[in-house]
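This report describes a structure with the sequence and the coordinates at hand. Please keep both in view while reading.

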Amino acid sequence: MSGGERAAIAEEYREAAIERIVCAQELYSSGRLVEANYFAGVAVECILRAYRIRIDAEFDARHNIGDLYRMGRFADIVPPANADEINAALGEVIALWSNGHRYLPEYALKRDWKKRKLYRHRGLWIKGDFFKELTRKLMNSSETIVNMGIIQWKPLFKN
Amino acid sequence: METFVQKLKRMLRREFPKCSFDLETGRGDRLSGYLIWKGFSGVEQIERQRTLSAFLKANLSDDERRHIAGILTMTPEEVAFAKQA
């Protein structure tokens, strides 16, 4: 694959990241939490893939956010002042999101998170609706990562 | 670089007992990957990162810290979940 082709695909991934995160925000606003959850993670995957393909078109990270983060050298684009915030956001997405969640109805996703005891923080129960709260955290984290990827984006080739 | 990685791991093991690592060196000899520790369980991600940052700042020189691109702070359960993705 030529550099030009890689640049074009990278741009597509970047634009897809923007579209998916906007979609996730709309779904969250309308109370469709499972779908918001899924699209938020896909948006992160898209922006990490955009950075990865700029380096090498050959990769098999499947849907593993941690592998894509490393292979795309995403850490290199993050200003030191933002490192804690971005690393925390990535950790949040890795802990909460799975591509397999697209197959789950709401009750099954809740069951999955309960099984993993994600409803607790420092041994205490999350107050209120834990499912909504964790989805909000996933949304915020995804927005943080996608925003950083967009802000720091530099086209591979100038027109 | 190998010496620095060994030093870093030794220091982290003292601060985060029984932790493990999944670190790799990328462009410009910069490290990225996971610090995996059971003690992070139930702790907010941002708190984990601030704890790690403060520790690195207190124990490494500016030059040494430049060799760290990013270390994500995860529990063993979170890493196991991510590997299923």
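Leaving aside neighbours within four places in sequence, I94(A) is in contact with I65(A), G66(A), L72(B), M74(B), E78(B) and A82(B). The model is a predicted one. I94(A) belongs to helix 4 of chain A. Is I94(A) buried or exposed? A residue counts as buried if 20 or more other C-beta atoms lie within 10 Å of its own. I94(A) has 25 C-beta neighbours inside 10 Å, so I94(A) counts as buried. Another residue of the chain, P155(A), is 61 residues away from I94(A) in sequence, and the C-alpha atoms of the two are separated by 27 Å.

**Helix 4 of chain A**

Helix 4 of chain A covers residues 83-96, which is 14 residues. From its first C-alpha to its last it reaches 20 Å, close to the 20 Å expected at 1.5 Å a residue. How many of the 14 residues of helix 4 of chain A are buried? Twelve are, so helix 4 of chain A is largely enclosed by the rest of the structure. Among the buried residues of this helix are D84(A), I86(A), N87(A), L90(A), V93(A) and L96(A).

What do the buried residues of helix 4 of chain A pack against? In chain A the partners are helix 2 (33-55), helix 3 (65-71) and helix 6 (130-151). In chain B they are helix 2 (45-59), strand 3 (68-74) and helix 4 (76-84).

One of these partners can be described further. The axes of helix 4 of chain A and helix 2 of chain B come within 8 Å and cross at roughly 135°. The two helices are therefore oblique to each other. Their crossing is right-handed. On the side of helix 4 of chain A, the contact is made by D84(A), N87(A), A88(A), G91(A) and E92(A). On the side of helix 2 of chain B, it is made by Q45(B), I46(B), Q49(B), R50(B) and S53(B). An α-helix has 3.6 residues a turn, so residues three or four places apart point the same way.

**Helix 1 of chain A**

Helix 1 of chain A has 27 residues, which should span 39 Å at 1.5 Å a residue. Its end C-alpha atoms are 39 Å apart, which agrees. The buried residues of helix 1 of chain A are A10(A), R14(A), A17(A), R20(A), I21(A), A24(A), L27(A) and Y28(A). They pack against helix 2 and helix 6 of chain A.

Helix 1 (residues 3-29) of chain A and helix 2 of chain A have axes that come within 7 Å and cross at roughly 160°. That makes helix 1 of chain A roughly antiparallel to helix 2 of chain A. The crossing of these two helices is left-handed. After helix 1 of chain A comes G31(A), with a positive phi near 85°.

**Two residues with positive phi**

R73(A) has a phi near 50°, a positive value in a residue other than glycine. R73(A) lies in the loop between helix 3 and helix 4 of chain A. With 19 other C-beta atoms within 10 Å, R73(A) is partly exposed.

In chain B, K18(B) has a positive phi of about 65° although it is not a glycine. K18(B) is placed in the loop between helix 1 (2-15) and strand 1 (20-25) of chain B. Is K18(B) buried or exposed? K18(B) is exposed, with 10 other C-beta atoms within 10 Å.

Chain A has six helices and two strands, and from the N terminus on its elements run α-α-α-α-α-β-β-α. Chain B has four helices and three strands, in the order α-β-β-α-α-β-α from the N terminus on.

The table lists values for each chain.

| Property | Value |
|---|---|
| Box of the C-alpha atoms, chain A | roughly 50 × 30 × 25 Å |
| Box of the C-alpha atoms, chain B | roughly 35 × 25 × 20 Å |
| Buried residues, chain A | 42% of the 159 residues |
| Buried residues, chain B | 27% of the 85 residues |

With 159 residues, a compact globule would have a radius of gyration near 15 Å, and chain A has 16 Å, which agrees. For the 85 residues of chain B, a compact globule would have a radius of gyration near 12 Å, and chain B has 13 Å, which agrees.

Contacts also show how far apart in sequence the joined residues are. In chain A, 66% of the contacts with a separation of 6 or more are between residues 24 or more positions apart. In chain B, 55% of the contacts between residues at least 6 apart in sequence join residues at least 24 apart.

Methods
Residues are numbered from 1 along each chain as its sequence is written. Chains are lettered from A and ligands numbered from 1 in the order in which they are written. This is a predicted model: local features need pLDDT of at least 70, side-chain atom pairs count only at pLDDT 80 or more; totals for chains, interfaces and linings use all residues. The expected span of a helix is 1.5 Å times one less than its number of residues. Two residues are in contact if their C-beta atoms, placed from the backbone, lie within 7 Å. The radius of gyration is taken over C-alpha atoms; the globule rule is 2.2 Å times the number of residues to the power 0.38. Axes are lines fitted to C-alpha atoms, for helices over the stretch in contact, and angles run from 0 to 180 degrees between N-to-C directions. Angles under 35 degrees count as roughly parallel, over 145 as roughly antiparallel, 65 to 115 as roughly perpendicular and the rest as oblique. A crossing is left-handed if the near helix is turned anticlockwise from the far one by less than a right angle, and right-handed if clockwise.
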